[in-house]
Amino acid sequence: MAFSLIRKLDPPSRGILSRKAVVMLCSLLAPLILLHLLTDRCASPSLVRGSPRNKRLVSERRAAGHGVAEGAVTAVRAGPTVWQLPEESPAFPPPQDLVVSPRLAGKISPLGEGSKKLPQALIIGVKKGGTRALLEFLRVHPDIRAVGAEPHFFDRNYDYGLEWYRDLMPKTLEGQITMEKTPSYFVTREAPARISAMSRDTKLIVVVRDPVTRAISDYTQTLSKKPDIPSFESLTFKNRTTGLIDTSWSAIQIGIYAKHLDNWLQYFPMDQILFVSGERLISDPAGELGRVQDFLGLKRIITDKHFYFNQTKGFPCLKKAEGSSKPHCLGKTKGRTHPNIDPEVVQRLRDFYRPFNMKFYQMTGRFFGWDH
């Protein structure tokens with residue numbers, strides 16, 4: 001009996017204690033491990049399936065001893081699939097001294113709230129028409145956020161994909177419009193179909209200008225970069241004697257607005273395209289900006305009070321630019337002095353463009369007054 005009582009009071013075996021200790025330890029560590037995994041997952045960048053062109057560009061730059069260019073992506077292999085990680089970007093955009101729209105008051109946070117969205121509106125052309133001026137003027141509006149540089153997505157960088165394109169955009173709040181401008185879109189044959197595939201509701205803005213003046217301005221810009229190019233007159237004609245215009249020269253081709261517009265109307269209705277006069281953007285910037293704000297469905301905040309006319313440059317400037325309290329004019333590359341062109345050549349060009357201009361007036365329902 002005594003022996004039996006002693007056996008009942010014996011402590012549990014070491015094996016039983018070990019198993020209980022392991023179970024208790026696991027129950028304590030499991031929540032910590034799960035928390036760590038969730039934190040690590042949230043902190044990691046999202047994966048985007050990469051295009052062959054991206055992988056090739058990245059590998060070529062690294063092989064040449066260069067770093068990956070800004071906005072490029074890094075390829076990694078996960079099993080049989082190659083993915084790409086977007087380069088890290090700052091968590092929030094730099095603070096800006098912006099006027100806050102009344103309907104956005106109280107929504108803006110110093111923590112950089114908002115998200116990147118594909119653009120709802122695009123300035124698609126034309127080169128040397130006044131697109132830079134229009135973009136800079138529009139960026140004053142508190143309900144517009146726009147990319148400063150030209151992304152050239154729908155003409156040169158389409159292989160990068162829409163996620164790459166979206167990542168270029170600034171963060172916007174609810175009610176704000178995301179925009180970008182690339183003037184070469186208007187003359188790029190594939191651009192209308194590509195933009196329509198992104199969104200059929202995209203609003204398009206085209207800044208047009210007297211095609212003869214635009215061609216001379218285009219030539220002036222090229223001349224500033226390549227002083228040894230042939231004269232404007234020699235580039236204008238296939239044969240000066242016959243007076244046959246060389247429409248293969250891009251400076252001439254861009255100004256055949258009716259031809260390019262035909263391509264866009266295959267994908268977008270006319271009421272989704274706004275045509276801004278480059279001449280009126282100089283003579284009456286507030287008036288043209290009023291039409292643009294109406295087209296975008298925004299309150300007319302940009303008015304005469306935002307502009308002053310710079311006599312030296314010969315065009316309007318902003319009293320206060322986006323994120324600044326100082327006056328702002330476009331850079332020295334804008335408003336270059338045009339070379340003197342033979343008046344006979346100018347007249348030949350006016351005669352060449354006249355039928356195209358008349359068709360363009362009929363298509364748009366607006367008379368621009370380029371036929372002197």
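In this protein, 69% of the contacts with a separation of 6 or more are between residues 24 or more positions apart, a contact being heavy atoms within 4.5 Å. This is a predicted model, where local features need pLDDT of at least 70 and side-chain atom pairs count only at pLDDT 80 or more, while totals for chains, interfaces and linings use all residues. Residues are numbered from 1 along each chain as its sequence is written, and side-chain values use heavy atoms, with hydrogens and water left out.

The protein has 13 helices and 14 strands; these are DSSP runs numbered from the N terminus, with helices being H or I of at least four residues and strands E of at least two. Of its 372 residues, 41% count as buried, that is, under 20% relative accessible area (1.4 Å probe, protein chains only).

Now let's turn to the annotated site.

Where does Lys128 lie? Lys128 sits in the loop that runs between strand 5 (121-125) and helix 4 (131-138), and Gly129 belongs to the loop between strand 5 and helix 4 as well. Lys128 is buried because its relative accessible area is 15%. Gly129 also counts as buried, at 6% relative accessibility. Leaving aside residues up to four places away in sequence, Gly129 touches Val207, Arg209 and Gly278.

Note on methods. Buried means under 20% relative accessible area, exposed over 50%, partly exposed in between (1.4 Å probe, protein chains only).
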